[in-house]
Amino acid sequence: MNTPHLPSFDEKKYVDSWLTDMDGVLVHEETALPGAVEFIDALKASGLPFTVLTNNSIYTPRDLRARLHASGLDIPEEAIWTSALATAEFLRSQRPGGSAYVLGEAGLTTALHDAGYIITERDPDYVVLGETRTYSFSAITRCIRLIERGARFIATNPDVSGPSPDGTLPATGSVAALITAATGRTPYYVGKPNPLMMRSALNRLDAHSETSVMIGDRMDTDMISGLEAGMRTILVLSGSTPADKVDSFPFTPTRVHNSIEDVVPLVAQFARPKAERPASLTERARKSAKADTPTDADA
Ligand SMILES: [Mg+2]
């Protein structure tokens with residue numbers, strides 16, 4: 001059942017922009033899930049803009065593109081949006097030309113540099129915490145002392161743990177909890193489920209929420225942030241949220257499908273006919289896919 005104030009697939013027929021989560025939807029531990037290649041191909045064939053999102057702040061879009069390519073998925077850098085990029089964009093809008101002490105990897109430091117930020121240990125405006133596999137005691141201590149001296153505390157994403165072939169890995173939210181326990185200060189989290197992550201992705205595509213769809217595998221992050229950003233949502237059951245848990249949430253996705261394989265035909269089915277598309281939509285799509293669609297002019 002659809003809530004009356006949210007557009008269902010049928011009420012708002014066309015989908016002009018597609019947003020999708022990465023892990024549990026397109027890939028699982030660096031292996032492409034069935035239908036993922038076909039879904040990306042369908043998006044490219046549709047001539048519509050799209051974005052692949054991840055709360056992972058370790059990698060730059062270039063790194064992620066290479067990793068996805070190794071698993072068989074050809075996704076342009078421009079179509080990848082990470083919590084690190086969303087955090088850098090947020091800080092640029094909050095305090096242009098600011099400074100930050102960063103505990104994280106290249107995905108985060110590169111994004112902040114590109115946003116015009118100075119990375120420094122001396123009196124920074126912000127302490128920015130992201131994901132890394134090498135959290136050090138001295139770096140965490142530095143974060144705590146800088147926050148005590150007045151630096152604002154920002155974290156890329158609230159995930160407390162992540163999967164690995166060997167078992168659970170502690171993630172950004174767990175380290176943030178440690179810093180919070182020591183300082184009494186909680187961070188502002190930019191990544192999912194904060195709808196800011198979705199809104200910044202939409203803004204970047206120059207897309208409207210009511211003609212956009214968010215696909216994800218988690219009710220408590222992907223679906224709620226898509227819903228709160230005003231988008232239609234599709235839950236796929238190939239990742240974190242199993243079918244028997246969907247009804248235990250107080251909100252519902254617009255649609256539920258077994259996997260991305262079932263979403264492939266929807267791209268063409270809900271695409272606005274090309275003759276009816278405004279020039280701006282075609283231009284946005286061209287920009288979002290330019291990295292890997294070489295034309296004669298590029299050759
Ligand atoms: Mg996921």
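This is a predicted model: local features need pLDDT of at least 70, side-chain atom pairs count only at pLDDT 80 or more; totals for chains, interfaces and linings use all residues.
Five strands make it up, and it is open, with the order β7-β6-β8-β9-β12. The pairing is parallel. Where are the edges? They are at β7, residues 118-119, and β12, residues 188-189. Each of these has a single partner strand, so one side of each has no neighbour in the sheet.

Now look at β8, which covers residues 126-129. On one side, β8 is joined to β6, residues 99-103, by 4 bridges, and the two run parallel. In that pairing, Y101 stands opposite V127. β8 is also joined to β9, residues 152-155, again by 4 bridges and again parallel. Here V128 stands opposite I154, and Y126 has R152 as its bridge partner.

Which way do the residues of β8 point? Y126 and V128 point one way, while V127 and L129 point the other way. Are they buried or exposed? All of them are buried.

T87 sits in helix α3, residues 83-94. It has 34 other C-beta atoms within 10 Å, and the cut-off for buried is 20 or more, so T87 is buried. What does T87 touch, apart from neighbours within four places in sequence? The contacts are A111, V128, I154, T156 and V190. As for distance, the C-alpha atoms of T87 and A115 are 9.8 Å apart, and 28 residues separate the two along the chain.

On to a pair of helices, α5 and α6. Helix α5 is residues 137-148 and helix α6 is residues 172-183. Their axes come within 10 Å and cross at roughly 45°. That angle makes the two helices oblique to each other. The crossing of α5 past α6 is right-handed. Which residues meet there? From α5 they are I140, C143, I144, I147 and E148, and from α6 they are V175, L178, I179, A182 and T183. By type, this contact has 8 nonpolar residues, 1 polar and 1 charged.

Last, the backbone. As background, most residues other than glycine have a negative phi, and most peptide bonds are trans. Here are some exceptions in this model.

The peptide bond between K192 and P193 is cis, with omega about 10°. P193 is in the loop that runs between β12 and α7.

That brings us to α7, residues 195-205. Its buried residues are L196, M197, M198, S200, A201, L202 and L205. Just after α7 comes D206, with a positive phi of about 55°. D206 is not a glycine, and it belongs to the loop between α7 and β13, residues 212-216. With 14 C-beta neighbours inside 10 Å, D206 is partly exposed.

The other exception is D123, also not a glycine, with a positive phi of about 50°. Where is D123? It lies in the loop between β7 and β8. Is D123 buried or exposed? It has 11 other C-beta atoms within 10 Å, and 12 or fewer counts as exposed, so D123 is exposed.

That is the end of the talk.

Notes: Residues are numbered from 1 along each chain as its sequence is written. Axes are lines fitted to C-alpha atoms, for helices over the stretch in contact, and angles run from 0 to 180 degrees between N-to-C directions. Angles under 35 degrees count as roughly parallel, over 145 as roughly antiparallel, 65 to 115 as roughly perpendicular and the rest as oblique. A crossing is left-handed if the near helix is turned anticlockwise from the far one by less than a right angle, and right-handed if clockwise. Two residues are in contact if their C-beta atoms, placed from the backbone, lie within 7 Å. Ala, Val, Leu, Ile, Met, Phe, Trp, Tyr, Cys and Pro count as nonpolar, Asp, Glu, Lys and Arg as charged, and the others, Gly among them, as polar. Two strands pair if DSSP finds at least two bridges between them.
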